[in-house]
Amino acid sequence: MKAFFANLWKHRAHIVMALPGFLILFFIMYVPMAGLVMAFKKFDYQLGIFASPWCGLENFQFLIQSWKTFVNMTKNTVLYYLLFTVVGTFLNVALAIMIDQMRLKKAAKTMQTLMIIPVFISYAAVQFIVYAFLAKDTGLINNSLGINVSFYSKAAYWPWILLIVKIWKDTGYGSVLYMSVLAGIDTSLYEAAEIDGANKWQQIRHITIPSLVPMITVMLLLSVGNVMRSDTGLFYQVTRNNGILYSTTQVIDSYVLGQIFKSSNFGFPAATSFFQSVIGLLLMLFANWMVRKIEPENALF
């Protein structure tokens with residue numbers, strides 16, 4: 001114990017530097033976990049969280065009481081995760097490589113700035129931008145093409161609409177991490193490849209992309225933990241919570257938000273979050289185990 005405290009005192013400067021980050025992590029990520037007990041309680045405002053009566057798995061039963069709705073929103077959640085992850089990762093990497101390969105560095109920085117701007121626009125504002133394009137009578141698409149399509153009553157269009165909105169909003173910001181990796185690649189590798197007669201595409205294929213694989217793997221592993229979660233603003237606000245579109249737009253998070261507005265049973269969203277977290281943890285552990293078997297250096301742990 002004496003050696004432990006001596007070591008703490010020796011590294012006191014590092015501990016002080018790390019303390020703000022530790023406190024933020026502790027109070028924002030770990031302290032709220034005490035609220036998970038609400039998943040097993042019938043919450044009463046007068047009694048508070050810990051004094052409210054236990055209800056067992058009643059809140060989980062409420063989650064799956066409508067089997068068809070539960071299956072549909074779970075299917076949508078997983079499929080949208082796969083769609084956004086595959087397309088988003090490809091475009092993030094492609095954009096990062098494209099900007100990195102631009103000869104005019106000032107133009108590259110300008111383009112990067114313009115691509116990042118959408119991430120700072122709230123979905124509360126994005127929904128009006130989308131509506132300006134898709135409105136039946138006044139929408140830009142219908143007026144420009146001379147058609148009369150009611151997008152807000154056709155569920156089949158919305159997987160593609162949401163994909164376009166997601167790409168527009170997140171791709172620029174998502175490419176930043178990959179650009180930081182590209183900036184760290186030894187330029188002598190490209191010079192040696194050029195001397196050997198490799199063209200730009202061959203340099204990208206054999207140097208750039210392999211250098212990005214570890215970061216891509218880490219980002220995919222981290223995202224697997226959120227496979228059961230979705231961007232609530234995208235699915236709830238952009239679609240305007242239109243019941244006609246539920247077959248292709250309702251995900252678990254938007255369903256929970258809708259239920260919160262309809263009732264004061266906070267045990268239900270707590271049960272849903274608990275369910276999402278457990279499934280996400282198990283999937284991340286499995287994905288990390290698979291990566292460790294194939295390429296141990298790219299595993300998280």
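Predicted model: local features only at pLDDT ≥ 70, side-chain atom pairs only at ≥ 80, totals over all residues.
The largest nonpolar core has 19 residues, and another core of 17 residues lies apart from it.

**The largest core**

- Val130, Trp158, Leu162, Leu234 and Val238 are the members that touch the most others in this 19-residue core.
- Four helices each put in at least two residues: helix 4 (67-101), helix 6 (123-134), helix 8 (158-183) and helix 11 (232-238).
- Helix 8 gives the largest share, with five residues.
- Looking past its neighbours within four places in sequence, tryptophan 158 is in contact with Tyr80, Val130, Leu134, Phe151, Tyr152, Val238, Thr239, Leu245, Thr248 and Thr249.

**The other core**

- Apart from that one sits a core of 17 residues, and its members include Val93, Met179, Val181 and Ile204.

- Setting aside neighbours within four places in sequence, serine 175 is in contact with Asn92, Leu95 and Ala96.
- Leucine 182 also belongs to helix 8; its relative accessibility is 4%, so it counts as buried.
- With neighbours within four places in sequence left out, leucine 182 is in contact with Ala96, Ile97, Asp100, Thr208 and Leu212.
- Leucine 182 and leucine 212 are 30 residues apart along the chain, yet their C-alpha atoms are separated by 7.5 Å.

**Positive phi in a loop**

- Most residues other than glycine have a negative phi.
- Arginine 240 isn't a glycine, but its phi is positive, at about 60°.
- You'll find arginine 240 in the loop between helix 11 and helix 12 (246-249), and with a relative accessible area of 35% it is partly exposed.
- Asparagine 241 isn't a glycine either, and it has a positive phi of about 50°.
- The loop between helix 11 and helix 12 also holds asparagine 241, which counts as partly exposed because its relative accessibility is 27%.

Note on methods: Residues numbered from 1 in each chain as written. Heavy atoms only, no water. Core = buried A, V, L, I, M, F, W, Y, C linked by side-chain atoms within 4.5 Å. Buried < 20%, exposed > 50% of the residue type's maximum accessible area, 1.4 Å probe, protein only. Contact = heavy atoms within 4.5 Å.
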